[in-house]
Amino acid sequence: PGLTWVAGCPTTAAPFMKITSTGTASSPAVGTTTFGNTEAVEAIYARPVATATLLASGPAVYAYSSEEFGGSGTLVSLDGTNNADVMVKTGDVVCSGGAAAKGDFVVNEGNLTLSGSCGVTGNVWASGSGKGVINLSGGVVVGGNVVGNGLTINSGSVGGSVWTSGETNISSATIGGGVTVTANNFVTGGSNKIGGNLWASGNAEVTNGDDVKGNATAQTLKLSGGNIGSSGSNEAWSRGDVTGVTWFTIKSHLTAKSVPSGMTAGGGITVVPAGPGAGGAAPAAPTSPIVPNWINFAYNTADWPGYTVATISTCTYATMSAAIATFSGGKGIIDARGCAVPINFSSYQKLALSNDTAIISTKGFNFDGSAGFSASTPVDLFLITPDTTVESPAKPSCPSGSQVDVGGGFTFDSTISTIIYTPCHIGIGSGIKFYGQIFGGETEISGAAKLFYTTVGLPGWDLDTGTASSVTSSPNAWSNVSTRNVTG
């Protein structure tokens, strides 16, 4: 109704296209009968709408600043294939409770302290000028490797190997692989188990209760109790002197500039008064993962092809429900930048999503009570506080009074994969179950909160590298609106 049909090919602005096809019988009717000699079929099609191809990328949790950082919740991979990585761009991080990550924990410009039950199933990294010291204590468990500028372990275990450039002090530690100290000393307090080789550019100490399964190489070896080498095929190598007690157990061969009188080794001893040389190169450390730079993500409708926009100035459950209804089951954006207060709904209000939905708010979000988001089919949800300030290098610029808080009994259906992006603080309260990822100026996951990690991403950005990517779109086919037989 209301359409004016124009003969010819459809223009780029034409919302519909009508095709009428007439067929003629191969054998005309007998005699004077004409009915059935021809039949016409009419089909009406709606114009295709371009849809965005979104690069799903980024870690489970990204925090530009460690200020107010907390990691006492549990982070797990939703499908078991992605690591639920935690990345902090700047500042020191202290985590003392809960499971930090079932993935890697990366601190770009700061020190990292893990204790108690704040374990990591993957690798631990810390770096930065004058920073990058890793402290493990209280029986904390790291499943993978540890790589930093320095390391102290006072009761803890590392499933993989250790690489440090600074001084390394360990006591009551279990390390499944080897230990490499490239620019300083290795000091032990006893009762350590090292499953691989020990290599130190400086001095290395092996003391009472220590057990090095593989080779030990250092500038000087101080031996005051313990064991090096599991058999005579291993090598203890000192570029300089060996000091310590004569009853130290060396099952391997020992090579040094000098050794204490009366010391023995199961594999024999070779003394080179001029010094035996380097004894092999240091094992190369794994390549550090990229911690992305901050991304200034400003709302631009061109980034969201295929999304219908509904603009609201009063942010209530009712106005948002009405906005979603205007999407007619398609993808949509609720532009709530005109609202003067944070988006907040509670008291058992469940906002039903029928397709991918983005909610844009300059005042942030405050979700609590027994409210939540629901969806009967899998959808993506984008909760975004734009960062419109442009600076170089980029850093978060939080609008005054804005942050994202999710607490109380607020729920997200497991069918909803959500990304929260804000240059402000993100707080996920105790007991919240959240599916997706977090990219914030500051982040906090408290208590028994659980983040089930699945990548969502942001249009136009690669969140793994912090670099812009093109927003690609692909047209859908013309969709059939109606088909009917016609006469005349």
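This is a predicted model: local features need pLDDT of at least 70, side-chain atom pairs count only at pLDDT 80 or more; totals for chains, interfaces and linings use all residues.
The backbone nitrogen of L463 sits 2.9 Å from a polar atom in the side chain of S57.

Find S57 in the loop between β3 (50-53) and β4 (61-65). Is S57 buried or exposed? S57 has a relative accessibility of 2%. Buried means under 20%. S57 therefore counts as buried.

Now look at what surrounds S57. Set aside its neighbours within four places in sequence. S57 is then in contact with Q437, T455, G457, W461, D462, L463 and D464. L463 in that list is the residue whose backbone nitrogen lies 2.9 Å from the polar side-chain atom of S57.

Next, move to another serine, S376. S376 also belongs to a loop, the one between β36 (372-374) and β37 (379-384). Its relative accessible area is 71%. Exposed means over 50%, so S376 is exposed. How far apart are S376 and E442 in sequence and in space? They are 66 residues apart along the sequence. From C-alpha to C-alpha, the distance in space is 32 Å.

Last, turn to W5. W5 is in the segment before β1 (16-24). Its relative accessible area is 38%. That value falls between the limits of 20% and 50%, so W5 is partly exposed.

Technical notes. Residues are numbered from 1 along each chain as its sequence is written. Side-chain values use heavy atoms; hydrogens and water are left out. Helices (H or I, at least four residues) and strands (E, at least two) are DSSP runs, numbered from the N terminus. Buried means under 20% relative accessible area, exposed over 50%, partly exposed in between (1.4 Å probe, protein chains only). A polar contact is a pair of N or O atoms within 3.5 Å; within protein, one must be able to donate a hydrogen and the other to accept it, and residues adjacent in sequence count only if both atoms are side-chain atoms. Contact means heavy atoms within 4.5 Å.
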